[in-house]
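Open the model in a viewer with selection by residue number and a cartoon display. The stops below go from the whole chain to single residues.

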Amino acid sequence: RGSFKTVYKGLDTETGVSVAWAELQDKKLTKDERRRFKEEAELLKGLQHPNIVRFYDYWDIVRPSTTKGVLPRKYIVLVTELMTSGTLKTYLKRFKKLNPKILKSWCRQILRGLLFLHTRVPPVIHRDLKCDNIFITGPTGSVKIGDLGLATLKNQSFAKSVIGTPEFMAPEMYEEHYDEAVDVYAYGL
């Protein structure tokens, strides 16, 4: 559970595959923001790379309130690949000292994922790359970039909104004039 989303373990009943079911609160999205989100979600469905968490589908749901007189709540459901081995952040906390060979392998995989995102047409900017959004696949030791819910298409020459985690944000993000280099800055941190 996070500030704007709750994630559940689910099962795709058509394929029998375990999935992550994330519910994002749809409190104050404008019509334009909803349209833009749907465009981005359609793009995310087409992204397939071994170092990117797979995005399967999305839809809207309305949940009635259990409190009398309170309006129903709207949610956007995102269904993604389930990553059960934890994040890079949890691994770094658990294992204080890691083999440099493993760290180098993980770094190369993160860079491969970023290269894939940044070479799409138009490029995809993650905008919130951090250890919490990099997932480890325990059985294989591979890493995947996830939480692309904050990603944006670079439709023009620069993106124009401030979003992300302040500790990992490149200075130009505060000026609301940036490109995919902000992900490289976050990777460095």
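Of the contacts in the protein chain with a separation of 6 or more, 57% are between residues 24 or more positions apart; a contact means heavy atoms within 4.5 Å. This is a predicted model, in which local features need pLDDT of at least 70 and side-chain atom pairs count only at pLDDT 80 or more, while totals for chains, interfaces and linings use all residues. Residues are numbered from 1 along each chain as its sequence is written, and side-chain values use heavy atoms, with hydrogens and water left out.

**Whole chain.** Colour by secondary structure. The protein chain has 5 helices and 8 strands, where helices (H or I, at least four residues) and strands (E, at least two) are DSSP runs numbered from the N terminus. Their order from the N terminus is β-β-α-β-β-α-α-β-β-β-β-α-α. Switch to a surface: the protein chain exposes about 11600 Å², 56% of it from carbon and sulfur atoms (Shrake-Rupley method, 1.4 Å probe; for residues, only the protein chains shown count as cover). Of its 189 residues, 39% are buried; buried means under 20% relative accessible area, exposed over 50%, and partly exposed in between (1.4 Å probe, protein chains only).

Two strands count as paired if DSSP finds at least two bridges between them. Gly 10 has Val 19 of β2 as its bridge partner. Between the two strands the hairpin has 4 residues, and Gly 16 there takes a positive phi near 80°. Trp 21 is bridged to Val 79 in β4.

**Arg 73.** Stay in β4, where Arg 73 is found. Is Arg 73 buried, partly exposed or exposed? Its relative accessibility is 46%, so Arg 73 counts as partly exposed. Show its contacts: beyond neighbours within four places in sequence, Arg 73 touches Gln 25, Ile 61, Val 62 and Arg 63. Arg 63 is 10 residues away along the chain, with 5.3 Å between the two C-alpha atoms.

**Helix α1.** Select residues 31–45. At 1.5 Å a residue, the 15 residues of α1 should span 21 Å, and its end C-alpha atoms are 21 Å apart, which agrees; the expected span is 1.5 Å times one less than the number of residues. Which residues of α1 are buried? They are Arg 34, Phe 37, Glu 40, Ala 41 and Leu 44. Look down the axis: the buried residues of α1 fall within an arc of 130°, so they line one face of the helix (the arc is that of the directions from the helix axis to the C-beta atoms). Lys 31 and Asp 32, on the other side of α1, are exposed.
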